[in-house]
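Please look over the sequence and the coordinates shown below. The paragraphs that follow go through the chain from its annotated spans to single residues.

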Amino acid sequence: MVRTELWGWLFITIGSVFFMGFLYTSIVSKFLPPSNNPIISVIQNDWYYCFLVPLTLPVLVVAVYFHWLSMKLFKHA
C-alpha cells in the first residue's frame, strides 16, 4: 500500500514539474525581457508550443467523439 502511494506521489510530482516547464515555455517566457542566456533566448523566440495547445483541442474533440461512438456501438452490438 505504501509503495503504491509513493509511486502516485512520484507521478504527480513529475507531472507537475513538466506542466510548470511547459507553462513557462509557452506563456511566461514570452512576457519576459530578452535574455543573454542562449537557451532562454531560444525558448523566448520559439512559437511552436504557443500554438500547440489551441490546435490540439479540435483533435481532442474528434477523439472523444470517436471514443463515445465506439463505446455506443460496442454496447449495442
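**Annotated spans and overall form**

Residues 6–27 are 100% helix and 0% strand, with 31 Å between the end C-alpha atoms. Helices here are DSSP runs of H or I with at least four residues, strands are runs of E with at least two, and both are numbered from the N terminus.

The model is predicted: local features need pLDDT of at least 70, side-chain atom pairs count only at pLDDT 80 or more, and totals for chains, interfaces and linings use all residues. Residues are numbered from 1 along each chain as its sequence is written, and side-chain values use heavy atoms, with hydrogens and water left out.

The chain holds 3 helices and 0 strands, in the order α-α-α along the sequence. Its C-alpha atoms fill a box of roughly 60 × 40 × 15 Å along the principal axes. The radius of gyration is 19 Å, whereas a compact globule of 77 residues would have a value near 11 Å. That radius is taken over C-alpha atoms, and the globule rule is 2.2 Å times the number of residues to the power 0.38.

The accessible surface of the chain is about 7,000 Å², and carbon and sulfur atoms account for 79% of that area. Areas come from the Shrake-Rupley method with a 1.4 Å probe; for residues, only the protein chains shown count as cover. Of the 77 residues, 6% are buried (buried means under 20% relative accessible area, exposed over 50%, partly exposed in between, with a 1.4 Å probe and protein chains only).

**Along helix H1**

Is Ser26 buried or exposed? Ser26 sits in helix H1, which spans residues 2–31, and counts as buried because its relative accessible area is 9%. Apart from neighbours within four places in sequence, Ser26 contacts Tyr49 and Cys50, a contact being heavy atoms within 4.5 Å.

Ser16 is also in H1, but is partly exposed at a relative accessible area of 38%. Between Ser16 and Val53 there are 37 residues of sequence separation and 17 Å from C-alpha to C-alpha. Phe31, again in H1, is exposed because its relative accessible area is 69%.

Phe31 belongs to a nonpolar surface patch with Phe19, Met20, Leu23, Ile27, Val28 and Leu32, and together these residues have about 690 Å² of accessible area. Patches are made of residues with over 30% relative accessible area and no salt bridge; nonpolar side chains (Val, Leu, Ile, Met, Phe, Trp, Tyr) are joined within 5 Å and like charges within 9 Å. A salt bridge is a side-chain nitrogen of Lys or Arg within 4 Å of a carboxyl oxygen of Asp or Glu.

**Past helix H1**

Ser35 is in the loop between H1 and helix H2 (38–45). Ser35 is partly exposed, because its relative accessibility is 27%. Leaving aside neighbours within four places in sequence, Ser35 is in contact with Ile40, Ser41 and Gln44. The C-alpha atoms of Ser35 and Trp9 are separated by 34 Å, at 26 residues apart along the chain.

Lys75 lies in helix H3, residues 48–75, and is exposed, with a relative accessible area of 60%. Lys75 and Leu10 are 65 residues apart along the chain, and their C-alpha atoms are separated by 36 Å.
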